[in-house]
Amino acid sequence: MSTKQILHMNPGQGDTSYARNSTVQKTEQDRMKTLIIEAITGLCGLSSTSPPKSMAIADLGCSSGPNALTLVSTTVDAIYRHCAQHAQPLPEICVFLNDLPNNDFNSIAKSLASLKYNHDDLADPVLITGMIPGSFYERLFPCNSLQFVCSSNGLHWLSKAPEDLKESRLPMYDMDEQLRISKRAVVANSYARQFKKDFTRFLNLRAQELVPGGRMVISLYGRCSDNPTSKSNQAWQVVAVALNDMASRGIIDKEKLDSFYIPLYAPLEKEVNEIIEGEGSFKINKMQMRNPFSGMEDALVGAKMIALAIRAVFESTIVFHFGSSDEIMDEFAMTVERNLSSGSGWRAVLAAEYPLVLLCLSLTRVI
Ligand SMILES: C[S@@+](CC[C@H](N)C(=O)[O-])C[C@H]1O[C@@H](n2cnc3c(N)ncnc32)[C@H](O)[C@@H]1O
């Protein structure tokens, strides 16, 4: 089963929705602003040069809730500001929001329409909007039709879990610790190969859709250690540890856990660099690496909030495999919260057990 058929963030506006539980992702989107403004400056040029007459921009993996519009709003603002500062005519702008078909597109349709009218103060801005359901591992736009692509907090999702693990019935996270440790490198390598395939394809497809010189600003989860046997070599570890805990208490079925594979991979900075260089269509302008929680005050973020955020992201994947049950999902969130709260608190637990980073890149299409 592919990710496209299963994955969606929790829809709507309720307590468990992505809309209400995505502050960490929003913080990353805000941090991407500088790279987006730089990319727009590069695309629009200086006062002496003519900016493009029309610009098409797309956010890939936009999800739903307020975050869905953050990157495109930042981009549109950057274009308008740039044109005002350099006395350039405004281009016509097309804004596209993409996500997988099961995304809650209904809830973003209205807010997307309101994006159009936020800029009524400007002289005749033409802003056309559209939603593009589909996978970013497939062609989404015509050749040479986009000037700018952005994507936040999404490219660590694979098109599918590694087939070879499933075929050889090797669990992604064995309940037996000895077996888990002995197979850790095999599992890690299998995920790394799937990421390489998927990310190469993503770059190749976007290179076809972007005009030459077109820009891309993307962020995804990565990891810091290249030790394949380190405790924290997988992005899904925090989910697997909680489910393992629940299986050991008989809340979910152990056999079902053995056949559960989360299509997620957090690469090293080095792997991302090598794949981009190997694929060859893009030049890296800048690459930034940061702690997802740095600068977030404890008043804003805590173990409960992170557990609810994890639930909002992983619920569809868990429910698809284990069946739909509010009790299981409530217990899952409580287990994650409890695991993060142990010892000297969630920051220490995350740093020691699940030290993920956010990688943010600015790229230009060179060929
Ligand atoms: C954690 S959310 C991030 C949403 C938003 N960009 C943000 O920063 O808050 C990741 C999003 O990527 C989407 N996604 C994952 N794989 C995808 C794919 N192959 N094509 C399109 N969207 C995908 C998911 O459905 C989800 O909405």
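This is a predicted model: local features need pLDDT of at least 70, side-chain atom pairs count only at pLDDT 80 or more; totals for chains, interfaces and linings use all residues.
# Ligand shell, cavity and pocket

Reader: Which helix gives the most to the lining of the second largest pocket?
Author: The second largest pocket has a volume of about 330 Å³. Its lining takes three residues from the helix that gives the most. That is helix 11.

Reader: How many residues line the second largest pocket, by class?
Author: In total 18 residues line this pocket, and Lys-166, Ser-259, Phe-260, Tyr-261 and His-321 lie nearest its centre. Sorted by class, the lining has nine nonpolar, five polar and four charged residues.

Reader: Which residues are the closest to the ligand?
Author: The ligand is surrounded by 20 residues. By class, this shell has eight nonpolar, 11 polar and one charged residues. The closest residues are Tyr-18, Gly-61, Asp-99, Ser-152 and Asn-153.

Reader: How many Å separate a polar side-chain atom of Ser-152 from an oxygen atom of the ligand?
Author: A side-chain N or O atom of Tyr-18 is 2.6 Å from an oxygen atom of the ligand. For the side chain of Asp-99, the distance from an N or O atom to a ligand oxygen is 2.6 Å. A polar contact is a pair of N or O atoms within 3.5 Å, so these pairs qualify. For Ser-152, the distance from a polar side-chain atom to a ligand oxygen is 2.6 Å.

Reader: What share of the accessible area of the ligand does the protein cover?
Author: On its own, the ligand has 590 Å² of accessible area.

Reader: Which helix and which strand each supply at least two residues of the shell around the ligand?
Author: The shell holds 20 residues. At least two of the shell residues come from each of two elements, helix 2 (23-31) and strand 2 (92-99).

Reader: What is the volume of the largest cavity?
Author: Searching the whole structure gives two cavities of 30 Å³ or more. In the largest cavity, the space amounts to about 110 Å³.

Reader: Which helix supplies the largest share of the lining of the largest cavity?
Author: This cavity is lined by 14 residues, and Met-172, Arg-180, Arg-184, Val-187 and Trp-236 are the closest to its centre. The lining has seven nonpolar, three polar and four charged residues. Six residues of the lining, the largest share, come from helix 7 (residues 177-209).

Methods. Residues are numbered from 1 along each chain as its sequence is written. Side-chain values use heavy atoms; hydrogens and water are left out. A residue is near a molecule or strand if one of its heavy atoms lies within 4 Å of it. A polar contact is a pair of N or O atoms within 3.5 Å; within protein, one must be able to donate a hydrogen and the other to accept it, and residues adjacent in sequence count only if both atoms are side-chain atoms. Accessible areas come from the Shrake-Rupley method with a 1.4 Å probe; for residues, only the protein chains shown count as cover. Helices (H or I, at least four residues) and strands (E, at least two) are DSSP runs, numbered from the N terminus. Ala, Val, Leu, Ile, Met, Phe, Trp, Tyr, Cys and Pro count as nonpolar, Asp, Glu, Lys and Arg as charged, and the others, Gly among them, as polar. On a 1 Å grid over the protein atoms alone, a cavity is a set of points where a 1.4 Å probe fits but cannot get out, and a pocket is an open set with protein on both sides within 12 Å along at least five of seven lines; lining residues have an atom within 4 Å of a point. Grid points are joined across faces, edges and corners, and a volume is the space filled by probe spheres set on the points.
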